[in-house]
Every structure is written in C-alpha cells, then in structure tokens.
Amino acid sequence: MNLSKRQLYAAGEPLGECVTRKEAGRLVCGGGGGSPPEKSTTTQNIPDELKPLAAKYASDAINLSNTAYQGYNGQRFADLNTTQNLGIGQIQNRALNGSSTINNAEQALNQNITGGQTNPYLDQMVGKAQDSVRSQFNTGAVNSGSFGNAGLQEQFAGQLGDVATSMYGNAYETDKQRQMQSIGMAQQFGNQAYTDAGQLLNAGQLQQDQAQQQADFGYQQFQDQQNDPYKKLAAMSGVFGSFPGQSSTTTNQGGGGK
C-alpha cells in the first residue's frame, strides 16, 4: 500500500529535511534533494602598494615572451693573424724549395763519395814545392859534378813524389775533415728557417690569444644583456613571495535543499 506524504506526516513518520512540513506550528520548507558538500576557494590578495609592481611584472613577462630570437652578430673566434700567416708561409717555402745550405752540403758529399775531383790551387802549391826541390837538386848536382847520375836522378824523382804525396795527403785529410764537419752542420743551419718560422708562430699565437679573449668578452657582454630582463623578472617575483603584508581570503560555498 502506498501512502502519500500527507498521510505519512499525519501518522507522525519522519519525512526528512527535504520535505515541506509543519513543526511546532510553523511551516518548514524542504531543501530538495539533499545538500552538496561545502566548497572553499582561497584567493591570494596582493597589497595595494605591490599592485603596480605586479602589473609591470605581467607586462614585462608578456613583452619578453614576444621578443624574437636575437643571435650574436659579433666574432666568436679569432682568425689567424698576419704574424701567423708569415710563419706558415716561411714553413711552406722551406718545405717546398729546400735549403741552399743543405743542397751545397749534399753536393759536396756526393763529390766526396764519387772522388776524382782535383784542386787547382793545391796542384799549384805542389808544383811550386816540386820546383823548389828540383832547383835544390840541380844546384847540388852541378856543384858536386854528379849531374846526370842515374842514381841521383832516381833519388830526385823519389823526393818529388814524396813532396806530392805528403802535400796531397795532408790536404786531403784536412779537407775531408772540414767537409764532414760542414756537412754535419748543414742540417742545423738549413733548419734555421724552420726555427725562425716557429718563433713567428709563437708570437702570432700570443696575438691570437689576446684577440680570442676580446671576442669572448664581447660574447659574454651579449649574454649578460640577453639575461638582464630575466634577472629583473626574477627579482620582482621574489618580492611577491617575501612581502609580509600579503594576505589570503577563503570563501565557503554550501548547497541547499530542493
């Protein structure tokens, strides 16, 4: 059997908060289908004195986000300088064209290995020495009355040979020693061009390092300029978080019955 709300109310049955009814002689209106849970909303309040800063922060942040990418137009790396290019050029010239000193030493060494070369100056000296021996022999032979003696002639030829052998031998040994010393030193003098060019490269490296420091400083200045707006925004946002006068407001919202 179904009972109406009126019949249930007349029987004294509880009808709930959602039913319109009379209690203690007064009319109580029901709230409908039940009350929803309360909701609370908290709003951060910016002090009046910070509102201009907040407005500027928002404006600057928007402008910064709209800024197009700005690349660095300055020079990042120092090029090779004139001094370095001179040193490189000297090295290339020495490597491609060789050294006249080393070439002369090589020629002399080849002559020593081949042999058969004569020394006109030494030949002249030997000839003069032999003439002196010949003159002395002739004078002695004439004075002794033995000019034309076969034994003396053989002795005379031997003396001439000894003079030539001694002079040529001494000159050969001395000349060979000097030549070998010169050949050994040729490499040192021939490579002096590389040493000089290396000193040019060292001097040029100092110049390049200085230019690179200037380029790095310019790039650092550019980066500082690009980061400056972000630093200012960070400083402004820090004020909002540390300002003691800021407050918050909480609003509660509750539901009603039907």
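**Close-up views of a predicted model**

D48 is exposed, at 57% relative accessibility. The views below are drawn from a predicted model.

**View 1. D48 and K51 form a salt bridge.** The closest N and O atoms of D48 and K51 are 3.1 Å apart. K51 is partly exposed, at 45% relative accessibility. The salt bridges in the model number three.

**View 2. K56 and D60 pair up in helix α2.** A salt bridge links D60 to K56, with 3.1 Å between the closest N and O atoms. The two residues sit four apart in helix α2 (residues 51–65), so about one helical turn separates them. D60 is partly exposed, with a relative accessible area of 24%. K56 is also partly exposed, with 45%.

View 3. D228 is partly exposed, at 31% relative accessibility.

**View 4. Q84 is a buried residue of helix α3.** Helix α3 spans residues 82–97. The relative accessible area of Q84 is 5%, which is under 20%, so Q84 counts as buried. Leaving out residues up to four places away in sequence, Q84 touches D79, L201, G204, Q205 and Q208.

**View 5. The second largest pocket holds about 200 Å³ of space.** Its lining includes L64, Y69, Q225 and Y230. Helix α7 (residues 192–242) contributes the most to this lining, with four residues. The lining has five nonpolar residues, four polar and no charged.

Terms used
Residues numbered from 1 in each chain as written. Predicted model: local features only at pLDDT ≥ 70, side-chain atom pairs only at ≥ 80, totals over all residues. Heavy atoms only, no water. 1 Å grid on protein atoms, 1.4 Å probe; cavity = no way out; pocket = protein on both sides within 12 Å on 5 of 7 lines; lining within 4 Å. Points joined across faces, edges and corners; volume = space filled by probe spheres on them. Nonpolar A, V, L, I, M, F, W, Y, C, P; charged D, E, K, R; others polar. Buried < 20%, exposed > 50% of the residue type's maximum accessible area, 1.4 Å probe, protein only. Contact = heavy atoms within 4.5 Å. Salt bridge = Lys/Arg side-chain N within 4 Å of Asp/Glu carboxyl O.
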